[in-house]
Amino acid sequence: MTAPRSLAAERESRAAGVGTVPHPRLSINQATVKHADLATALRVTAAAGVEAIGLWREPVQAVGLDVAARMLTDSGLRFTTHCRGGFFTLPAGPEREAALDDNRRAIEEAATLAAAGAEGSTAVLVLVAGGLPEGSRDLVGARERVRDAIGTLAEDARAAGVTLAIEPLHPMYASDRAVVSTLGQALDIAADFDPAVVGAAVDTFHIWWDPQVLDQIARAGREGRIATYQVCDWKTPLAADPLLSRHYPGDGVIDFSALTRAVQDTGYDRDIEVEIFHADVWADDPARVVRRTAEAFATAVAPHL
């Protein structure tokens, strides 16, 4: 559950220039202000009156986990997710073992940061499955290696109190980033495990196109598997690098009404992250980006909560 908004947070929000107080369930995924260091990301998020943030491993590691945890505590923000673990599709060998060890470190980071965040923080590690190994065309085998890797890590996650959130990525990323392309595929893998340990990330950018998406969101809710809901918009033409084609909610074609209501109808009551990868957004002033994100969320997403 989300923590109540303080009067101080409302005053800070108005002072930061946000026309309306940000929705209390809005979380800024740190990728949205990618070029800001951790201190800046925490500062501009809190100053805008936003109550929560999802962090990425690289900025956390740049200052060290203990320092990052103290910074998060001092910010007063809730922690929503840690990005990212995964990349499980390598065949057996030293590289695969190294990837598993790195995921164990990511689990520890997620647990530490969730404990350091404000009340209502969630210990969720987002997993990107990984693409096809070089020279391979075996999608089925790659997905099975993802399942096997999660099985190897499940007890580590359980012991740490962390939920592993499998994130399906749009099929255009299947070859190089994620052989898990639909929410249904993610749920099929998660079905082998306790919902408290393995769930799914519902990200509008990646699943909006799927004709089964509403049924699969309902299934995820029945199975208790929605670990995080992330939003941004899809707009064509895509950038030359399709990874950098995420837009502010409301600037593209995604039906946030249907998707958000479907998630809401499952009983999901956690924070909702806005995660944007876009060169123009990254080049903008981080404080302005957070304000613009809060305004877009208020218009495109919040009315359906």
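Is Arg 246 buried or exposed? I looked this up before anything else in the entry. Arg 246 is buried, its relative accessible area being 5%.

**Entry 1: the model and its confidence**

I note that the structure is a predicted model. The mean pLDDT over the chain is 94, and 94% of the residues reach at least 70. Residues 1-18 have a pLDDT below 50, and this stretch makes 37 contacts in the model beyond near neighbours in sequence. Where pLDDT is low, predicted coordinates should not be read in detail.

**Entry 2: the partner of Arg 246**

I next asked which side chain meets that of Arg 246 in a salt bridge. The partner is Asp 203, with an N to O distance of 3.0 Å. The two residues stand 43 apart and join distant parts of the chain: Arg 246 belongs to strand β9 (residues 246-247), and Asp 203 belongs to strand β6 (residues 198-203). Asp 203 is buried as well, with a relative accessible area of 0%. I class Arg 246 as buried because its 5% falls under the 20% cut-off.

**Entry 3: other salt bridges**

I recorded the total for the model, which is 18 salt bridges. In general, side chains of opposite charge can pair when their charged atoms come close.

I then examined Glu 223, which pairs with Arg 219; their closest N and O atoms are 2.9 Å apart. Glu 223 is partly exposed, at 29% relative accessible area, whereas Arg 219 counts as buried at 17%.

For Arg 288, I found a salt bridge to Asp 284, with 2.6 Å between the closest N and O atoms. Arg 288 is partly exposed at 43% relative accessibility. Asp 284 is likewise partly exposed, at 23%.

I also noted a network of salt bridges that links Arg 57, Asp 102, Arg 105 and Glu 109.

Where does Ser 27 lie? I located Ser 27 in strand β1, which covers residues 26-29. Ser 27 is buried, with a relative accessible area of 0%. A polar atom of the Ser 27 side chain lies 3.4 Å from the backbone oxygen of Ala 52.

I then listed what Ser 27 touches, leaving aside residues up to four places away in sequence. Among them are Val 50, Ala 52, Ile 53 and Gly 54. The list also includes Thr 80, as well as Asp 271, Ile 272, Glu 273 and Val 274.

Notes
Residues numbered from 1 in each chain as written. Predicted model: local features only at pLDDT ≥ 70, side-chain atom pairs only at ≥ 80, totals over all residues. Heavy atoms only, no water. Salt bridge = Lys/Arg side-chain N within 4 Å of Asp/Glu carboxyl O. Helix = DSSP H or I, 4+ residues; strand = E, 2+ residues; numbered from the N terminus. Buried < 20%, exposed > 50% of the residue type's maximum accessible area, 1.4 Å probe, protein only. pLDDT = per-residue confidence, 0-100. Contact = heavy atoms within 4.5 Å. Polar contact = N/O pair within 3.5 Å; in protein donor to acceptor, adjacent residues only side chain to side chain.
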